[in-house]
Amino acid sequence: MTNYPHLFEPIRVGHLTLSNRILMGSMHTGLEDKDRFERLAVFLGSRAEGGCQLMVTGGFSPNAEGRLRNGAAVFDDKSQIVEHRRVTGAVHAGGGHVLLQVLHSGRYGNHADNVGPSPIQAPINRHTPREMTSDDIVATIDAYGNTAKLAKEAGYDGIEVMGSEGYLLTEFLAPRTNRREDEWGGSSENRMRLPLEVVHRTRAEVGDDFVIMFRLSVLDLVDNAQPADEALVFARELEAAGYDIINSGIGWHEAPIPTIAQAVPRAAFVADTLRIKDAVDIPVVVSNRLNTPEVAESVLAQGFGDMVSLARPFLADADFVAKAKAGAAAAINTCIACNQACLDNYFVGKVASCLVNPRACFETEITWGPADETKRIAVVGAGPAGLAAADVLARRGHDVTLIEAADRIGGQLNLARRIPGKNEFDETLRYFRYHLDEGGVEMRLGVRAEADKLIEARYDDVVLASGVTPRRPDLAGLDGENLSNYADVLSGNVEVGMRVVIIGGGGIAFDVALYLLESGDASFTEPEAFRAHWVDTDGGPLESRHAITMVQRSDGPMGRSLGKTTGWIHRATLKRHGVKQICGATYEKISADGLHITLDSEPRLLEADTVILCAGQEPLFDLEAPLIDAGINVHRIGGATEAIGLDAERAIREGMKLAARL
Ligand code: FAD
Ligand code: NAP
Ligand code: SF4
């Protein structure tokens, strides 16, 4: 008997019978591009071994014009079949099925020869598309058919035709991007023609024993997109034309509304899929911000769709399905929707991975087995670095003691979790707690490790994961009663006045501003409140509890260190709250009136009831020298190594990698 009866109810999709209803949605990982098929095969194969029955690859373009960017994956030639067979072979050997995503990027193609229905530049692309001729369109339909045929020969079980998020097919559907006056534009019938012709052509190439899924934009979040009532007609047309299943896409990439970030409540968009489900008889898949088996089960139990699509959760944990099936949800490493190591990496040309699981897409590079020799190892500090190290050391059979000065695990994550949206870090701590317990790690909470005691205990190795401490800059007035730092504010140890000056413009400064302005805001947890905050709004000013000024010494703009795919969300929110940002300041002193600075050679007072230091941090590794002197093997990881550029991603990766080789 499973805890999740709806998730584990078999379903028929085209010619396939699946034993569960969890689809691993498409993700561009960067393994599709260049020659990384061996790694892609291991990445997807391990998800199949972990119980995933149906998955979709990252996007492969049907022709060169449709590529996402220079060097991005195209599948248009027979010679590529042999590489793809490695992928399909690995998935089938693991017991799963795999669809190739066919993605024509249209005007989003980040290259000079991109194309679109009309020559209208996307706001997120510097290249204006060339308008496709009728011949181009016919050739593109042929290209979809060709890629589908190649996919079948390569052993794929089907394809997903990418028709959402603002890529080529969506562009044809929307008056916003389609101004054509021929048979491919104008009337709704004409705008729908291309995706329907794609399935006609494809079906003719591949026959019936091949799944063809359409990813439909169930919510566009941009003006002048396909009208909502037309989308229902379109869904029925897709079914009639021969698509086997419809997947949901939410929002065009150019939409100024978050769709998968931490600002989005879990399961925020399921109601948008329900409209489509009610319109057709083929299976419909629900997606976006479904990250635990409980949430996914509830979505299916309430009838919002026939299947659920989880993508990033499969980066976080290859065994999501198997663990859910075994009733071991507490063992699942949960995606926290940070985008830091997946999307943010991909968008700067790196291979995607995962903050909470650095092995994702690096399965062949970060490996470990049982330790050759069991050692007694002390790990000092239970922040993310120490937790990751202790976890892997224990899995390898070492005798591990984890010593933490605070009365709980988590280190700085206990501060991070107070920021609106970042309470997802609770899942990370739950995951570590579960596995440290399973691994028999001896936990000493509320104990400050001291050098003499560590020496006396004669550990074979000591891992210093003692992290960082907030920096106190060299500035007059630091002893004033109106001065505080981020750690005290977030711990609730100080009362923050109405007028606030934040010293610093990095990630923590933005987070503290967000905490002061939006903690407790229902938009992070309730879909209706999210809509009011982000969708049904004119984007005008929001009511604020504090008048905040952020200030930094370096030139602007502020927040350059924020994530590529999420920084704009924080910037937009603070702007609506009227937060002032001053860059290029020289600090003079702090007084009871506030912060005195020089700006453009002029003295200025930034009046404040509370001044909050968010001025970076310093590494803590004072135990290292005495331990080395005593001849103990000491290893530093995370913040204890270097505070600059530190984040939880680096901390976990360093902890895991060290533990894999000790
Ligand atoms: P720490 O988290 O500092 O942990 C060190 C631990 O060692 C502490 O628990 C400390 O008590 C313990 N310790 C120290 N000395 C001793 C001793 N002698 N004996 C016993 N125990 C000791 N990062 C991200 O990647 N994404 C985010 O969204 C993000 N948001 C953040 C938001 C805020 C508000 C803050 C403050 C940080 C955020 N970070 C974020 C940063 C992230 O939390 C840190 O980079 C990470 O926690 C560093 O991990 P660490 O294990 O090296 O050190
Ligand atoms: P940070 O991003 O490096 O910012 C530090 C800030 O302190 C800068 O604005 C800097 O501005 C200022 N500063 C540095 N030295 C100073 C000094 N001596 N006196 C006064 N000001 C000084 O670091 P952070 O905000 O402390 O964040 C720590 C880490 O956590 C970062 O690596 C960050 O990536 C991570 N984090 C990530 C997120 C996320 O959402 N991904 C959120 C929070 C934190 P000037 O030097 O210009 O004055
Ligand atoms: Fe999820 Fe963050 Fe991992 Fe991306 S990096 S998969 S958002 S936890």
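The shell around ligand 1 is made up of 20 nonpolar, 9 polar and 6 charged residues. In this sorting, Ala, Val, Leu, Ile, Met, Phe, Trp, Tyr, Cys and Pro count as nonpolar, Asp, Glu, Lys and Arg as charged, and the others, Gly among them, as polar. The model is a predicted one, in which local features need pLDDT of at least 70 and side-chain atom pairs count only at pLDDT 80 or more, while totals for chains, interfaces and linings use all residues. Residues are numbered from 1 along each chain as its sequence is written, chains are lettered from A and ligands numbered from 1 in the order in which they are written, and side-chain values use heavy atoms, with hydrogens and water left out.

To begin with ligand 1, 35 residues surround this molecule, where a residue is near if one of its heavy atoms lies within 4 Å. The closest are Gln340, Glu404, Lys422, Gly639 and Ala648. Several elements supply at least two residues each to the shell, among them helix 12 (384–395), strand 14 (399–404) and helix 17 (507–518). Helix 21 gives the largest share, 3 residues. Helices (H or I, at least four residues) and strands (E, at least two) are DSSP runs, numbered from the N terminus.

The backbone also takes part in contacts with ligand 1. A polar contact is a pair of N or O atoms within 3.5 Å; within protein, one must be able to donate a hydrogen and the other to accept it, and residues adjacent in sequence count only if both atoms are side-chain atoms. A polar backbone atom of Ala385 lies 3.0 Å from an oxygen atom of ligand 1, and a backbone N or O atom of Ala465 is 3.5 Å from an oxygen atom of the ligand. For Ala449, a polar backbone atom is 2.9 Å from a nitrogen atom of ligand 1. Taken alone, ligand 1 exposes 990 Å², and the protein buries 91% of that (areas by the Shrake-Rupley method with a 1.4 Å probe; for residues, only the protein chains shown count as cover).

Ligand 2 comes next. Around ligand 2 there are 21 residues, with Gly505, Arg553, Ser554, Gln617 and Leu646 the nearest. The shell of ligand 2 holds 6 nonpolar, 11 polar and 4 charged residues, and helix 17 gives the most, with 3 residues. An N or O atom in the side chain of Ser554 is 2.5 Å from an oxygen atom of ligand 2, and one in the side chain of Arg553 is 2.8 Å from an oxygen atom of the ligand. A polar backbone atom of Gly506 lies 3.3 Å from an oxygen atom of ligand 2. Alone, ligand 2 exposes 890 Å², of which the protein buries 76%.

For ligand 3, the shell has 9 nonpolar, 1 polar and 1 charged residues. The residues around ligand 3 include Arg312, Asn339, Cys335, Cys338, Cys342 and Cys354.

Finally, some features of the chain itself deserve a look. Gly556 and Pro557 are joined by a cis peptide bond, with omega about -5°. Pro557 belongs to the loop between strand 20 (547–551) and helix 19 (567–576). Asn224, a residue other than glycine, has a positive phi, near 60°, and is placed in the loop between strand 9 (211–219) and helix 6 (228–241). Most residues other than glycine have a negative phi, and most peptide bonds are trans.
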